Every structure is written in C-alpha cells, then in structure tokens.
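Biologist: Hi! I'm new to this one, could you walk me through it?
Modeller: Happy to, let's bring it up and go piece by piece.

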Amino acid sequence: MQNRFFKLAAPLFAVVAALLVSALFIMTAGRDPWLIYQKMFSMTFGSDYGTGQIVFRTTSLILTGLAVAIPFKVKLFNIGGEGQVLAGAFAAAAVGILLPPQTPPLAAIAICSLSAMIAGSAVALLAGWLKVRFGVNEVISTIMLNFVVQAFAGYLLTWHLAVPSTVHTPEIIETAQIPMFDSIIGIWRKSPANLSTLFALAACLVTWIMVFKTIGGYEMRAAGLQPEAARYGGINANAHILRAMAAGGAMAGLASTNLVLGYKHFYEAGLTSGIGFIGIAVALLAYAHPLWIIASALLFGFLEYGGLTVNAYVPKDIFMMVQAVTILMVLVLTKTMRRA
Amino acid sequence: MKRSAEETNILSLSGVSKQFGELWANKDISLEISSGSIHAIVGENGAGKSTLTKMIYGLLTPTSGSISVRGQSVRFTSPRQAITAGIGMVHQHFMLIPDLTATENIVLGDEGSTLFAPLKKKEAARRIQSIAENHGLVIDPGALISELSVGEEQRVEILKLLYREAEILILDEPTAVLTPSETEQLFTTLKSLRKEGKTVILITHKLDEVLSVSDMVSVMRRGRIVATEPTGSVTKSDLAHLMVGRNVLLRVENPPEEPGEVVLKVSHAGFMDVKGRQRLNNLSFEVKAGEIYGIAGVEGNGQNELLTLLWGMAEPGCMISGSVTVNNIPLGDRNSAEVASIGVSLVPEDRLKHAVISDFPVDNNLIFGRHREKKFHRFAGFNAKAVMDYTNTMVDQYDIRYDMQSNPPLSNLSGGNQQKIVLAREIDRPGLKLLILAQPTRGVDIGAIEMIHKKIIEARDKGVAILLISAELDEIISLSSRIGCMYKGSIRHEFSMEEVRKGRSCAQDFEKEVGMFIT
C-alpha cells in the first residue's frame with residue numbers, strides 16, 4: 001500500500017521540485033518565475049493552438065517512450081530510440097514517395113506505417129541479435145547504431161533522394177498523408193496535431209495487454225526479472241530479448257508516422273530532433289509502465305513546447321533542465337525508497 | 001564455590017526489543033550468557049535469531065532494552081565497537097576475499113601497521129599457526145581462499161576472531177555447509193575454546209547438534225525467548241515443541257512402499273564441465289515407480305551436474321556420455337520444457353534463484369513453469385478463474401500461509417511457505433511420473449518440514465518415482481526407500497530396501513554408516 005502511494009508520489013514530487021529549481025534559474029536570468037509560468041500556461045494549455053502543439057509532441061514521445069519501456073521489461077536499456085525513429089522516418093518517406101499516387105488512402109497509410117515499423121524494428125533487432133549471439137551490451141550497440149543510421153540516412157538523402165539544393169525529400173503521395181485533427185473535426189486549429197495520436201494511444205493499450213495480460217508477456221516479465229529461473233521454467237529468454245527489442249524498435253518506427261505522414265510529409269535532416277532520447281526520460285518517469293507513459297509523455301510534451309513559447313524571455317534550455325532534474329529526482333527518490 | 005553474577009555472566013541482555021516498522025523482530029529479550037560456556041540459541045526461520053545476534057554484534061541497535069558486556073552497559077553502533085569489546089562473529093555466508101591468502105584475510109582490518117609500512121606477514125603467519133595448532137584448526141596460512149574447501153574457509157573465519165582475541169564468538173548456522181566429519185571437527189574446536197575460557201554463542205536449527213555440544217540452550221519463537229535451560233535437562237522433542245509451539249513429528253511416518261516399474265534409468269553417465277573437469281563418472285542408478293531413491297552426499301560431488309543433466313540445462317561445451325531414460329524415453333538433448341512435458345518435475349535446490357520469480361505474487365508463481373498448460377489459458381491470455389480456482393486448491397491443500405488480501409510478492413513469504421508453493425506446483429503436475437527433489441527442506445522451518453515430508457510420501461504412494469538429493473542425512477534416511485551414496489561423481493555404495501528399513505530403526509548408527517561412504 002505504502003509502496004503504491006510512493007510510486008505515485010515520487011514523480012509528482014520530482015516534477016514540483018524540478019519546477020522550483022528552475023524557478024531559481026529563471027530568477028537568475030532576471031525574470032519573475034511566476035509570470036513566466038503564467039505565460040507558459042496561457043500559451044500552451046490556455047490556447048487551442050498550444051494544446052495542439054502539445055498533443056503533437058506528446059504523440060511522438062509516447063511512442064519513443066514505449067520503445068524504451070518494452071525492452072526494459074526484459075532488463076534491456078534501449079538507448080537507440082533516436083536511430084530507430086530516424087530509420088522509420090526515412091523508410092516512411094521513401095516508401096511514401098515511391099508508391100503510385102492512386103493508392104487508396106488507408107492502404108497507403110498502412111503501407112508507409114508498416115515500413116516505418118519494420119525499419120525501426122530491424123535496427124533494434126540488430127542490437128538484440130548482437131546481445132544474444134555475442135553478448136554485446138545493448139547500451140553500447142544501440143548508441144553506436146544511432147550513428148550508423150544517422151550517417152546512412154544522411155548519405156541516402158544527400159546523394160539519392162533530396163530535392164536539389166535542399167535537405168529534404170520530395171513530398172509523399174497525398175493519400176499517404178495522415179489528416180490533421182484541424183481538417184477533420186476543426187479542433188487545435190493550425191497545429192500539427194494529427195490522427196497519429198490515435199496510433200500512439202492504441203499502441204499503449206496494445207502494449208499493456210501484451211505485457212500484462214498475455215502468456216507471452218508473463219514469460220517476458222519472468223525472463224526479465226530472473227533469467228536463470230526462467231530457464232529452469234522452460235522459458236527461452238533469448239527469444240524474449242529479440243521479441244522485446246523488435247517490438248520496441250517498431251514503436252520508435254511508428255513514432256515517425258506522426259512526423260512524416262502526419263506533419264512534414266517529407267523526410268529532412270534533423271527531423272527527429274532528439275525525441276528518441278527524450279523517450280528514455282519519458283519511460284523512466286513512468287516506471288516503464290505502458291499506460292503511465294501517456295501521462296509522462298504529456299508532461300514532457302508540455303515542457304518542450306512550453307519552453308519554446310517563453311523563449312523570448314528566458315532561454316528554453318531552462319526547461320530542458322527541468323526535464324533532466326525531474327528524472328534525476330525520480331531516480332534518487334526511488335533508490336532511497338528501496339534502501340529504506 | 002559461588003561467584004557473583006557479574007563475574008560469571010560475560011554477556012547479559014535485559015528487555016531488549018527491536019522493531020522494524022510494525023513488526024517486533026525481537027521482543028523483550030532477557031538473556032544471561034555465562035563466561036566459558038557454549039550457549040546455543042535455537043528457533044525456526046524468522047524466529048528472530050539473526051536480529052538478536054546482529055544487535056549483539058552491533059549491526060543493529062536495539063529499539064529498547066540494554067546490553068552489557070562483563071557488567072558494563074554498552075551500546076554498539078557498529079561491529080567495530082563490538083570487536084573492540086571482544087565480540088566476534090562468523091556469518092553464515094563467509095566474509096572472505098577469495099583472491100587473498102588465508103593470512104591476508106585473517107589480518108585484514110587488524111594489520112598492526114600503518115598504511116604505508118610493510119605488512120608483517122611472516123610474524124602474523126607464525127601467530128596464526130600457533131593459534132591454529134592450539135585449537136585443531138588445520139589450515140595452510142599461505143593458501144588462497146579460493147583454493148580452500150568450505151570447512152577450511154570456516155576455520156579461517158574462526159581464526160580471524162581468535163587473532164583479534166575475541167572472547168565471545170558468535171557462530172551463525174556454522175554446520176549448514178559442513179560434512180559430518182567436519183562438523184565433529186568443529187565441535188572439538190569449540191570445546192577446546194571453551195576450555196580456554198572463551199564463550200561461544202551457537203545459532204542453529206539442528207537440535208541434535210545443540211544436544212551434543214552446548215551447555216545451555218535458549219529457544220526463540222516469534223521474536224521472544226520462550227525458554228533457557230541447561231542442555232542436560234531437555235530432550236530433542238522438548239526443544240522441537242518449544243520452537244514450534246505444538247507437538248511435531250520429528251520423523252515422518254513412513255509406511256512400507258511397493259515399488260513398481262523402473263521410471264528413471266541413468267546408466268554410465270559421464271559429465272565433463274566446460275573447464276574439462278570430470279564431474280560425473282560412470283554414474284548408474286535406477287528409480288522405480290512408487291519408491292524414493294535418496295542420494296546422500298556432500299555438496300559438490302556431482303549432484304548439481306546430475307540435476308543439470310536430468311533437467312536439460314547442460315551448458316554448451318560440456319561433454320556428456322552415457323544415457324538417461326524416463327519410462328524408456330531417452331532424454332537426449334531435450335530442454336527443460338520438453339523434459340517436463342514427459343511428466344518430470346524438479347524442485348531445485350536454490351528456490352529463490354531457480355524455482356520462483358520472487359517479485360511475482362503467489363498465483364503467478366503457482367503456474368510458473370506450468371503456464372503452458374491449456375487449462376490455464378483463455379485466448380492468448382490466462383483464464384483468471386481457472387488460475388484462481390487452482391490457486392485456492394493448492395493454498396488449501398498445502399496450507400500455504402500469506403495475506404491473500406494484499407496478494408504480496410513471493411519474497412514476502414517465509415521460506416517454508418515459498419517451498420510449499422514450489423512443491424505444490426511440481427507434485428500437482430498432470431501425468432507426473434518422476435519427481436526430482438534437491439534439498440527440499442533447506443531453509444524451511446520444522447513445522448513446514450513435517451508437512452513437506454508427508455506430501456512427498458503421499459506422492460510416492462500414488463506411484464510417482466522420486467529422486468531425493470539432500471545433504472541432510474537425517475532426511476535421506478527417514479524418507480528413502482533405497483540410498484545411493486554419491487562420492488566424486490559416482491554411486492560408491494547403494495543400500496537396499498531391507499538395509500534402509502533396518503537402519504531407520506537405529507538412525508544414529510546408520511547415519512554414521514552412510515557417512516562413511518560419502519567422505
């Protein structure tokens with residue numbers, strides 16, 4: 001009971017503490033923190049457009065959060081979300097350009113999304129395979145693969161796919177574009193929020209069911225908690241490592257649909273802007289629980305966009321600090337709690 | 001000649017209590033330990049023995065009450081202070097550094113020189129040698145700890161205390177890891193220490209040992225001391241009664257068995273591990289349906305490798321020869337799930353590491369390893385009702401005690417209840433033909449042992465072939481139909497059904513006879 005209460009209280013306490021710390025920094029920047037926070041709220045949740053921006057960012061972060069959370073269930077730390085999103089984004093754009101323009105809308109979206117998931121999955125699976133076959137630490141291999149993917153995508157973009165004298169590809173076919181909420185039900189006007197958000201929420205639900213309600217999920221959690229015992233119980237831990245990495249990579253790949261199919265409609269250099277890394281923080285704050293990730297992603301989405309809205313008064317880096325301090329606080333709190 | 005209490009009582013506790021959260025681990029403990037005696041403290045797991053010793057040794061501080069050494073009131077906040085006061089402790093799990101020599105380990109923390117001065121190793125070694133000779137603690141001071149046997153490691157631990165001139169020695173379950181002959185050697189040492197005026201506090205749950213070596217015995221139950229008596233005036237069953245709080249059958253009723261067909265047949269099995277050491281050597285034996293085949297042996301004589309072989313867990317790179325069949329089906333390269341599927345169950349030795357997921361609740365653990373059985377399934381998930389019904393049945397049948405309301409993780413349950421869960425799950429396996437039990441009552445309290453033994457006999461009478469591997473000769477003798485003595489990877493001697501039945505009537509002599517074949 002105590003435990004459960006603490007699990008909920010720790011992240012909340014961490015967020016409040018982080019906001020207080022950043023208030024100090026806002027003051028040293030010569031601004032009134034109260035005014036800044038007020039302004040931030042009115043320009044984010046207080047406005048239709050701002051809310052849409054947050055929803056858009058939250059969508060990506062939910063998926064990159066899941067990309068970390070799923071492998072975490074088998075005690076693997078997937079740091080490669082960034083590379084996996086990138087691979088997904090590139091695949092979605094490339095397929096979206098190459099599809100014949102008369103492809104029906106649902107089919108086009110499905111094909112592009114699947115390609116993105118397969119690309120993200122493949123990158124993650126490579127790290128999983130290195131782990132199972134050669135015992136390579138997945139933290140190192142996923143980080144390294146980030147560079148590989150980035151460089152390879154950069155090469156393909158510059159030499160083969162970019163529209164001359166730009167750093168982006170041509171637009172994907174119209175039927176592969178995921179509609180904005182604005183154009184369908186007229187909310188969150190002009191904001192990039194699109195129907196990918198539904199993908200993200202569905203992904204959370206599916207992951208939750210897979211992990212906590214299925215026999216495979218039971219085996220996977222057992223293998224993550226006690227690999228040795230799992231072996232005695234006839235569970236193939238290696239298969240679960242591969243499966244979890246593949247699923248995580250697929251989630252990261254899916255995150256790219258929000259960016260490519262839903263918003264930009266092309267691939268450009270720097271498109272992913274670190275959302276893979278923020279996904280790590282999102283997952284940590286939510287204790288890698290697939291449903292809590294929604295709340296955690298919302299907080300980070302808010303801080304990300306909120307930082308931009310007040311960038312004219314205080315550097316947005318302060319809000320990156322809030323994110324980092326929050327994570328540190330959660331880690332410290334859970335550790336001290338374990339010891340007590 | 002009558003001496004005053006301050007003179008004879010080297011350690012006294014009065015009204016000592018320790019509280020952890022809501023729980024009183026120790027409550028109102030008063031104890032007088034007289035100088036130059038061997039004082040045994042017995043009690044079941046969780047009775048509060050460890051908490052008590054940790055307070056005496058300064059690892060924990062009492063919530064209330066007072067401790068005094070030689071009549072002086074003390075309040076230790078760290079073991080260092082306890083050591084200065086002449087108290088030393090040998091923990092159940094040794095605190096030695098494997099890459100250092102015996103001498104280096106013994107002087108560690110008491111080097112007698114400053115940080116940059118040369119270490120007087122020769123002098124230390126000489127002193128250790130003389131202490132060792134006085135007390136029959138034979139070791140090579142220059143040997144690396146990693147090269148020593150468990151018994152030798154324990155001697156190093158005791159020497160460590162004597163080197164620091166400890167007057168009070170606390171030994172926590174010292175015989176758990178020893179062979180019968182090593183145990184006797186240890187007791188000789190303890191008696192020689194007593195002669196020299198040292199005081200020994202012996203924590204144990206083995207009642208025979210208490211009776212054979214101690215002067216006084218205190219019994220703990222649920223955090224309290226329920227009796228302190230001179231050992232001469234109590235019997236084994238008195239102690240068991242005090243520990244559990246009710247009458248217990250120390251030896252389970254074992255009606256005659258009627259063995260059937262051969263179920264497990266191991267013939268000429270050989271096992272060479274990855275490092276090229278021959279662990280099993282031409283090992284052959286059979287287990288019939290409806291009998292319990294006991295394998296007696298000191299740990300490390302191939303029992304683990306035998307289990308590995310039977311459960312399909314051999315690492316790649318091991319050389320395996322010979323054959324193993326269950327009901328004439330060769331096990332071959334089957335993995336554990338495939339072995340289980342032909343009706344084999346295993347209760348592994350290290351329960352927490354291999355048999356359960358300690359963070360999972362009871363119901364999840366009761367299906368662990370059997371979660372692929374169709375009866376628990378519904379679509380891709382579990383059938384909550386089937387699992388719940390099964391859980392309730394098992395909890396009832398095996399008297400598994402836990403707080404069902406909060407459904408806690410398994411790690412919150414006592415060792416006995418954890419083991420009951422594992423046993424329930426494995427005995428209940430549909431189509432069970434062979435049950436393999438490794439140290440089935442290790443770390444389990446007396447009350448639970450009684451029930452576990454009963455369930456094993458019950459399974460035997462239903463026609464299950466049972467292979468029992470245990471380091472407790474007592475257990476082997478009281479349960480087995482036949483006994484194989486395992487030594488250096490093969491069966492050195494086998495006692496027939498008649499011999500075991502006869503031996504059971506004069507167990508102590510029979511224990512010695514079995515003991516001869518395993519050392």
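Biologist: Which residue does S267(B) stand opposite in strand 14 of chain B?
Modeller: S267(B) stands opposite S323(B) there. Strand 11 (residues 262-272) and strand 14 (residues 319-326) of chain B run antiparallel, joined by seven bridges. Two strands pair if DSSP finds at least two bridges between them, and helices (H or I, at least four residues) and strands (E, at least two) are DSSP runs, numbered from the N terminus.

Biologist: Before we go on, what kind of model is this, and how are residues and chains labelled?
Modeller: This is a predicted model, where local features need pLDDT of at least 70, side-chain atom pairs count only at pLDDT 80 or more, and totals for chains, interfaces and linings use all residues. Residues are numbered from 1 along each chain as its sequence is written, while chains are lettered from A and ligands numbered from 1 in the order in which they are written.

Biologist: Thanks! Back to strand 14 of chain B: how many bridges does it have with strand 15 of chain B?
Modeller: Strand 14 and strand 15 (residues 329-330) of chain B pair over two bridges, in the antiparallel sense. V326(B) stands opposite I329(B). This hairpin has two residues between the strands, and N327(B) takes a positive phi near 50° in it.

Biologist: What about the open sheet with the order 16-19-20-13-21-22 in chain B, how many strands does that have?
Modeller: That open sheet in chain B has six strands, with mixed pairing. Strand 16 (344-347) and strand 22 (490-495) of chain B are the edge strands, each pairing on one side only. From one strand to the next, the twist averages 20°; angles run from 0 to 180 degrees between N-to-C directions, and axes are lines fitted to C-alpha atoms, for helices over the stretch in contact.

Biologist: And strand 19 with strand 20 of chain B, parallel or antiparallel?
Modeller: Parallel: five bridges join strand 19 (residues 434-438) to strand 20 (residues 465-470) of chain B. L437(B) has L468(B) as its bridge partner in strand 20 of chain B.

Biologist: Which strands does helix 10 of chain B touch?
Modeller: Helix 10 (residues 303-310) of chain B packs on the sheet and touches strand 13 (292-296), strand 19, strand 20 and strand 21 (482-487) of chain B. Its direction makes about 150° with that of strand 19 of chain B. Contact here has a cut-off: two residues are in contact if their C-beta atoms, placed from the backbone, lie within 7 Å. Helix 19 (residues 507-518) of chain B lies across strand 13, strand 21 and strand 22 of chain B, running at about 35° to strand 21 of chain B.

Biologist: Switching to chain A: at what angle do helix 5 and helix 6 of chain A cross?
Modeller: Helix 5 (residues 105-134) and helix 6 (residues 138-161) of chain A cross at roughly 145°, and their axes come within 9 Å. The contact includes V123(A) and L126(A) of helix 5 of chain A, and L145(A) and V149(A) of helix 6 of chain A.

Biologist: Why does the length of helix 5 of chain A agree with what it should span?
Modeller: At 1.5 Å a residue, the 30 residues of helix 5 of chain A should span 44 Å, and its end C-alpha atoms are 43 Å apart, which agrees. That expected span is 1.5 Å times one less than the number of residues. Just after helix 5 of chain A, G135(A) takes a positive phi of about 70°.

Biologist: Last one: how many residues does each chain give to the contact of chain B with chain A?
Modeller: Chain B gives 19 residues and chain A gives 13 residues. On the side of chain B, helix 11 (336-341), helix 12 (351-355) and strand 18 (381-382) of chain B are the elements that give two or more residues.
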